[in-house]
There are 2 protein chains.
Amino acid sequence: MEKPYVIGMDMGGTNTVFGIVDTRGNVISKSAVKTATHSDVNLYIDDIYSGLMKLIEAVGGIDKIKGIGVGAPNGNYYTGNIEFAPNLPWKGVIPFATLMADRFGIPAALTNDANAAAVGEMTYGAARGMKNFIMITLGTGVGSGIVIDGKVVYGHDGFAGELGHVIVMRNNGRTCGCGRTGCLEAYASATGVARTAREMLESNNKHSVLRNIPITDITSKDVFDAAMEGDKIAIEIFNFTGRILGEAFADFVTFSAPEAIILFGGLSKAGDLIMKPIKENMEKNLLNIWKGKVKVLFSELKEADAAVLGASALAWEI
Amino acid sequence: MEKPYVIGMDMGGTNTVFGIVDTRGNVISKSAVKTATHSDVNLYIDDIYSGLMKLIEAVGGIDKIKGIGVGAPNGNYYTGNIEFAPNLPWKGVIPFATLMADRFGIPAALTNDANAAAVGEMTYGAARGMKNFIMITLGTGVGSGIVIDGKVVYGHDGFAGELGHVIVMRNNGRTCGCGRTGCLEAYASATGVARTAREMLESNNKHSVLRNIPITDITSKDVFDAAMEGDKIAIEIFNFTGRILGEAFADFVTFSAPEAIILFGGLSKAGDLIMKPIKENMEKNLLNIWKGKVKVLFSELKEADAAVLGASALAWEI
């Protein structure tokens, strides 16, 4: 009998969400544990085990489950390890896929969160039927999952697809969490948008509702709310962010000539505010052969389920 | 009986070289015709046919030949077409693979010259055994062939791998033949090096043997010769070119995490003059996870045979 379910698990720096998914991409049940509070990875897995086994029993036991797919920061698909993740409580190299497979007695596969999102989008979302696309996750950081010929690109070492760390500002670029300067992530992440807000507000005296918020407290959500009210500075912040992204996307296209670039994560909720300047600046910067040919799309996965779905899709391929 | 030979054909804007290649990568025989003088593609193929048939008869006739592989500017692997090649005498879309297959009565495949070089390097050269690498051709222009998981990346439309046209200078960049500004090709091609020479010589008064040459006549070969004599300006020109390349390579690594980047073409003859600044600047700009891990190598294909060999390797896979 074919096993009817897989488990998808999305590990974030703060929380870990996991759920049971059927062959059609329905998240049957879902639960969560804290990530950050577990300084020992084994105690963290204990917690996941007790939470997940309740869900597993409810669908008929472990024999119904084909495998576990995990999306984790710095997750390496080849080794199943989480390697030197700066935002997780465990240091060094953690053989997480092996630990999970041993505990549950079923196969486990692991990749980073952006690659998991790409697999999810290809299996259930906006990239169904596409063989060549690039997933860009715009969240606290900027991540990417690159699909070529229907397969996620892992590269020689399993870490391919770090497009949040291409240099978009070669001189006097902003410092990035990676220790370098000028990375895309330093401009196009949620924190990058907040930094742009601070810089713009400090560099001029134009009216803006954002001036009602203490400058160090401004978030990308505040910028979004202000832009929706028509605030000019806020709209300018989105235009700047979209320009940086659009210029970078034009370069990405020279690499893998994708059918589409798909946006996922918090910032993509800004809709046309971010999509318009992205498309405009990407088109302006594309080589002639690609002008008018590369789609930019929003993810079609339900945000609450997307990360779990994406990770779960890995488990069908184990 | 397995057919023991393939034909490799390298189409340049000026000359076309073709040859017969055995399974071990020996170029058995070789000949050439002019490309540029044929304003009608059918007359060009007539010329190739009569030249090539002599070589074919000498190895025992067309039954000994498995197929024809062609490397051509703006060649599209998916369609076998040459599409809008600015440096060829035929305009629009030319179904070149079909024309060749019809004329010779054996299968023909076509790709662009840089992709052909990548296949050649993987089959016979420095990339033997590698599954993930990037070929960079440094000639009149800058081309690239990207190999992921042992396969050349063609992308959604067959035109992937135009890394000569990533933007390395976002503001006040040099104009490029593609109609945009700031492309890698405008700095790292042979003509780019000559432009750097002119700019540097005009921007200061330092002594240089290059000042003995009329400034508009300086070629990349002159810069190489001067650098080999220890000329400081000439060495500075190579350092600048190497820095631009090294910075770009660090970005390429974030995309596909290759095992190596392989340099091919005229400029790579400069040896350490170009290799040292490339490696230094690539390392300086790599994300931590890749520092010290990505090789930069020179092609191991004999220059005179490389393009024919690369194109011929395509024909084994038809």
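## Confidence

The model is predicted, not experimental. In chain A the mean pLDDT is 94. Of the residues in chain A, 100% reach 70 or more. For the complex, the predictor gives an ipTM of 0.92 and a pTM of 0.93.

## Where the two α7 helices meet

Helix α7 spans residues 232-256 in chain A, and helix α7 of chain B also spans residues 232-256. The two helices pack against each other. Their axes lie 11 Å apart, at an angle of about 70°. Angles from 65 to 115 degrees count as roughly perpendicular, so α7(A) is roughly perpendicular to α7(B). The crossing of α7(A) past α7(B) is right-handed.

Which residues make the contact? From α7(A) come A:Phe252, A:Phe255 and A:Ser256. From α7(B) come B:Phe252, B:Phe255 and B:Ser256. By class, four residues of this contact are nonpolar and two are polar. No charged residues take part.

## The five-stranded sheet of chain A

Chain A holds an open sheet of five strands. The order is β10-β9-β8-β11-β12, and the pairing is mixed.

Strand β9 (residues 142-148) of chain A runs antiparallel to β10(A), and two bridges join them. A:Ile148 has A:Lys151 in β10(A) as its bridge partner. A helix lies over this part of the chain. Helix α3 (residues 113-124) of chain A lies across β8 (133-138), β9, β10 and β11 (260-264) of chain A. Helix α3 runs at about 50° to β9(A).

## The five-stranded sheet of chain B

Chain B also has an open sheet of five strands, in the order β10-β9-β8-β11-β12. Its pairing is mixed. The edges belong to β10 (151-152) and β12 (295-298) of chain B. Each has a single partner strand, so one side of each is left without a neighbour in the sheet.

Within this sheet, β8 (residues 133-138) of chain B runs parallel to β11 (residues 260-264) of chain B. Five bridges join the two strands. B:Phe133 stands opposite B:Ala260 in β11(B). Helix α7(B) lies across β8, β9 (142-148), β11 and β12 of chain B. The helix runs at about 150° to β8(B).

Helix α7(B) has another partner, helix α5 (residues 190-203) of chain B. The axes of the two come within 10 Å and cross at roughly 125°. That angle makes α5(B) oblique to α7(B). The crossing is right-handed.

What meets what across this pair? On α5(B) the residues are B:Val193, B:Thr196, B:Ala197, B:Met200 and B:Leu201. They meet B:Ile233, B:Glu236, B:Ile237, B:Phe240 and B:Thr241 in α7(B). Seven residues of this contact are nonpolar, two are polar and one is charged.

## A:Tyr5 and its contacts

A:Tyr5 sits in strand β1 (residues 5-11) of chain A. A:Tyr5 and A:Gly67 are 62 residues apart in sequence. In space, they are 8.0 Å apart, C-alpha to C-alpha.

Neighbours within four places in sequence aside, A:Tyr5 is in contact with residues including A:Ile20, A:Val21, A:Asp22 and A:Ile28. Its contacts also include A:Val59, A:Lys64, A:Ile65, A:Lys66 and A:Gly67. A:Trp316 is another of its contacts.

Definitions and conventions. Residues numbered from 1 in each chain as written. Chains lettered and ligands numbered in written order. Predicted model: local features only at pLDDT ≥ 70, side-chain atom pairs only at ≥ 80, totals over all residues. Heavy atoms only, no water. pLDDT = per-residue confidence, 0-100. Axes fitted to C-alpha atoms, helices over the stretch in contact; angles between N-to-C directions. Helix = DSSP H or I, 4+ residues; strand = E, 2+ residues; numbered from the N terminus. Parallel < 35°, antiparallel > 145°, perpendicular 65-115°, else oblique. Left-handed = near helix turned anticlockwise from the far one by under 90°. Contact = heavy atoms within 4.5 Å. Nonpolar A, V, L, I, M, F, W, Y, C, P; charged D, E, K, R; others polar. Pairing = 2+ DSSP bridges.
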